[in-house]
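Subject: Structure for your review

Dear colleague,

Please find below the structure that I am handing over to you.

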Amino acid sequence: SDEFERNIFIQKVKRSNIDAMICRQEKITDITRETINKIQLDKLNAVLKREKERQGFYRDLPERLESLDDLKTLPFTTESDLAQKGGRMLLCSQGEIQRIISEQTSGTTGAGKRVFYTEGDCEHTIELFMAGLGEFIYPGSRTMVAMPFSGPFGLGELIAEAIRRIGAHSLLTGNNKTYGELKTILEEERPDTYVGMPTALLSMLRMCGKGSIKRALVSGDACPETVMNAIEKILETQLWPHYGSREMGLGGAICCAAHDGMHMRENHCIMEIIDEKGNVLPYGEWGELVITTIGMEAQPLIRYRTGDCTRIIPGRCICGSEVKRLDFVKRISQPGTIREMDDVLFQIPELVDYSVRITEDKKEITALLTSDKGMESLRNVLTDGDTISLNCRKAEWKDTALYSAKRVILYYTG
């Protein structure tokens, strides 16, 4: 029966690495829901106390809450707050800062967000990456790290360090290699694992083939269902999704062997899901993710609205962990966004990659294809008629993925 098979599966699945990580970091022997709640309330009150003592950005909030339920009475922090007042959110000295990540939002002229990290913040991120990667990477394995490498304590560097500590070998691929260079890496280095953004992975697989790649962790951007299904079909295995953001220290939630959601680093981050009016929703309901980063030394955030849509999966994970899990994550956005275009266009198997330029009256799409057959398929799915300008050509080995061009797509005139 289905119930019998489920019970057999549960017995075979090992407990998520996130449990062991939290126990080690918090110096406890076992992790229960009650234990997590106590850790979160104690750390939240410690943050509130520091804010009062240092007269930080949140100095007007209460110095102490009696329960986690009281968190919902506090005001939200927004992207605008972080962009305009991020420096005031620091709770450490400038000398303790090891890394600053700045982001200028496309299509705006205002200040970009600046997120600060101490060495301790970066160490916690490495440990989370070790927990997530350790679910499927083993000593001696070889992993392509196709993430940006931007210097000490950057995302690519932190991932590579986690892989090194596991005892595996990391190939510092980066995110700007040509298809010819990627094919050479696949043939000569024979990596068994890939870590990178989902559409960039699909682009490589369609152009170069999977080679020796057997498994992949995708992060850095939302993974539309079409893209996920296409990758899993080529690799013939399930993906290992990971959720993170700058605001929560680059790493946030990891997938375990059960593939039943992503376990959150709850000793460092409190999650809430809210509706459009800001009301907290019960487990299982979809809404906007709000985070309170109780584990960040440099720049803790209280009730930060992420702009990401997800839900907290009810109940205990199949693996036995009681750590809360996030479901599929996507950006809250208007119709016609890149993610929605990814979902439609990547259904075409000949599509390697594309970029889009949007003006007030036209979409200009540039597409790389494996064959001319894909051009007619593209025309069939693009139904806006004269409002779309389509420029297609066959992909060449000297080409690089067009993914990075998708982030800067809005060009306003007048």
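The notes below set out what was found.

This is a predicted model, in which local features need pLDDT of at least 70 and side-chain atom pairs count only at pLDDT 80 or more, while totals for chains, interfaces and linings use all residues. Residues are numbered from 1 along each chain as its sequence is written, and side-chain values use heavy atoms, with hydrogens and water left out.

Overall content

The protein chain contains twelve helices and 18 strands. Helices (H or I, at least four residues) and strands (E, at least two) are DSSP runs, numbered from the N terminus. Of its 414 residues, 52% count as buried, where buried means under 20% relative accessible area with a 1.4 Å probe, protein chains only. Among the contacts in the protein chain with a separation of 6 or more, 63% are between residues 24 or more positions apart; contact means heavy atoms within 4.5 Å.

The sheet of β16, β17 and β18

Three strands form an open sheet in the order β16-β17-β18, with mixed pairing. Two strands pair if DSSP finds at least two bridges between them. The edge strands, β16 and β18, each pair on one side only. From one strand to the next, the twist averages 15 degrees, the angle being taken between N-to-C directions of axes fitted to C-alpha atoms, on a scale from 0 to 180 degrees.

Strand β16 (residues 351-358) pairs with strand β17 (residues 363-369) in the antiparallel sense over seven bridges. A hairpin of four residues connects β16 to β17, and I358 stands opposite K363 of β17. On the other pairing, β17 and strand β18 (residues 388-394) run parallel and are joined by seven bridges. E364 has S389 of β18 as its bridge partner, and L369 stands opposite K394 in β18.

The sheet of β10, β11, β12 and β15

Four strands make up an open sheet in the order β10-β11-β12-β15, with antiparallel pairing. At the edges stand β10 (270-274) and β15 (330-331), each with a single partner strand, so one side of each has no neighbour in the sheet. Strand β10 is joined to strand β11 (residues 287-292) by five bridges, and the two run antiparallel. Here M271 has I291 of β11 as its bridge partner.

The helix pair α7 and α8

Helix α7 (residues 179-188) and helix α8 (residues 198-208) have axes that come within 10 Å and cross at roughly 80 degrees. The two helices are therefore roughly perpendicular to each other, a class that covers angles of 65 to 115 degrees. Y179, L182, K183 and L186 of α7 make the contact with S203, M204, M207 and C208 of α8. By class, this contact has six nonpolar, one polar and one charged residues. Ala, Val, Leu, Ile, Met, Phe, Trp, Tyr, Cys and Pro count as nonpolar, Asp, Glu, Lys and Arg as charged, and the others, Gly among them, as polar.

Cysteines

A search of the whole structure finds zero disulfides, a disulfide being a pair of cysteine sulfur atoms within 2.5 Å. C256 is in no disulfide, and its nearest cysteine sulfur, that of C317, is 3.8 Å away. The sulfur of C317 lies 3.6 Å from the closest cysteine sulfur, in C319, which is too far for a bond. C256 counts as buried at 0% relative accessibility, and C317 counts as buried at 3%.

With kind regards

Methods: Angles under 35 degrees count as roughly parallel, over 145 as roughly antiparallel, 65 to 115 as roughly perpendicular and the rest as oblique. Buried means under 20% relative accessible area, exposed over 50%, partly exposed in between (1.4 Å probe, protein chains only).
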